[in-house]
Amino acid sequence: MLRAEIDADVFLFDLDGTVFLGDTPIGDSLNTLKKLEALGKTIFFLTNNSSKDKKEYVTKLTKLGYPAKIHQIVSSTLASIQYLKTRCPGKSVFPVGTKAFENELKSAGIEIKEDGADILLLAFDTTLTYDKIWKANVLLEKGKEFFATHPDIVCPSDIGDMPDVGSLMALLECSSGRGPSVICGKPYSPMAEIIESLVSVPRDRIMMIGDRLYTDILFGINNGYKSMLVFSGETTPQMLADSGIKPTYTLPTINDLIV
């Protein structure tokens with residue numbers, strides 16, 4: 001049974017630090033998801049991790065024990081693609097990202113260039129090389145547009161935090177003097193636009209659940225959704241107390257949704 005005080009029709013779950021850490025589910029999280037669906041709730045997974053494509057997440061969740069569907073995965077990559085296609089049609093991109101990320105851009109019909117690209121698009125690149133950073137810096141020095149998929153500083157894992165896009169943003173800002181003008185993932189609106197194209201419920205019937213204040217919880221607050229902070233990833237109770245950010249609910253893990 002869902003906790004009596006929790007009232008929503010659509011549940012948006014962060015993944016890293018909320019449903020799993022690395023390759024390890026957080027407690028009984030996969031069965032918790034199944035129980036929510038059995039109660040008639042709609043579930044989506046919102047991930048800022050742009051190093052993997054949607055199929056990889058479907059495979060991972062299925063292997064861990066939850067039979068995810070491709071339409072349930074909403075990523076910062078998808079939000080970036082939609083932004084590029086609707087606001088920057090015809091512009092070319094130099095992506096700092098994994099091959100999977102680059103392939104998703106190509107599949108969406110976005111032109112990829114190294115030299116002379118219109119836009120530098122910074123993603124979570126677990127294959128990062130010095131050459132990529134150098135080329136990115138040159139583009140910024142030439143005044144090209146600077147977009148980023150998401151602002152996360154680190155990506156949590158079961159063996160320790162990984163430097164994420166926010167860290168690379170800081171590096172490039174130090175070397176070029178410029179930060180991104182557009183960030184597409186949580187907590188910003190491009191990802192919310194995708195959700196609202198997929199469901200037709202009032203915003204106050206949507207719940208964002210995650211472990212990060214500055215992405216997950218602010219995403220809920222910024223877009224008029226309910227929000228739930230879980231303490232299974234980055235954020236501690238002391239960090240919440242010090243932040244001034246007020247989620248609608250807090251729980252130790254998503255497993256505490258069911259009583």
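In this predicted model, helix H3 meets helix H7 through Ser76, Leu78, Ala79, Gln82, Tyr83 and Arg87. The H7 side of the contact consists of Pro190, Met191, Glu193 and Ile194. By class, six residues of the H3–H7 contact are nonpolar, two are polar and two are charged. H3 spans residues 76–87 and H7 spans residues 189–198. Their axes lie 9 Å apart and form an angle of about 95°. H3 is therefore roughly perpendicular to H7, since angles of 65 to 115 degrees fall in that class.

H8 runs over residues 213–222. Its buried residues are Leu213, Thr215, Asp216, Ile217, Phe219 and Gly220. Just after H8, glycine 224 adopts a positive phi of about 80°.

Strand E6 comprises residues 93–96 and is covered on both faces. In a regular strand, side chains alternate between the two faces of the sheet. In E6, Val93 and Pro95 are buried on one side. Phe94 and Val96 are buried on the other. E6 pairs with strand E7 (residues 119–122) in the parallel sense, over four bridges. Within this pairing, valine 96 stands opposite leucine 122 of E7.

Notes:
Residues numbered from 1 in each chain as written. Predicted model: local features only at pLDDT ≥ 70, side-chain atom pairs only at ≥ 80, totals over all residues. Heavy atoms only, no water. Buried < 20%, exposed > 50% of the residue type's maximum accessible area, 1.4 Å probe, protein only. Helix = DSSP H or I, 4+ residues; strand = E, 2+ residues; numbered from the N terminus. Pairing = 2+ DSSP bridges. Axes fitted to C-alpha atoms, helices over the stretch in contact; angles between N-to-C directions. Parallel < 35°, antiparallel > 145°, perpendicular 65-115°, else oblique. Contact = heavy atoms within 4.5 Å. Nonpolar A, V, L, I, M, F, W, Y, C, P; charged D, E, K, R; others polar.
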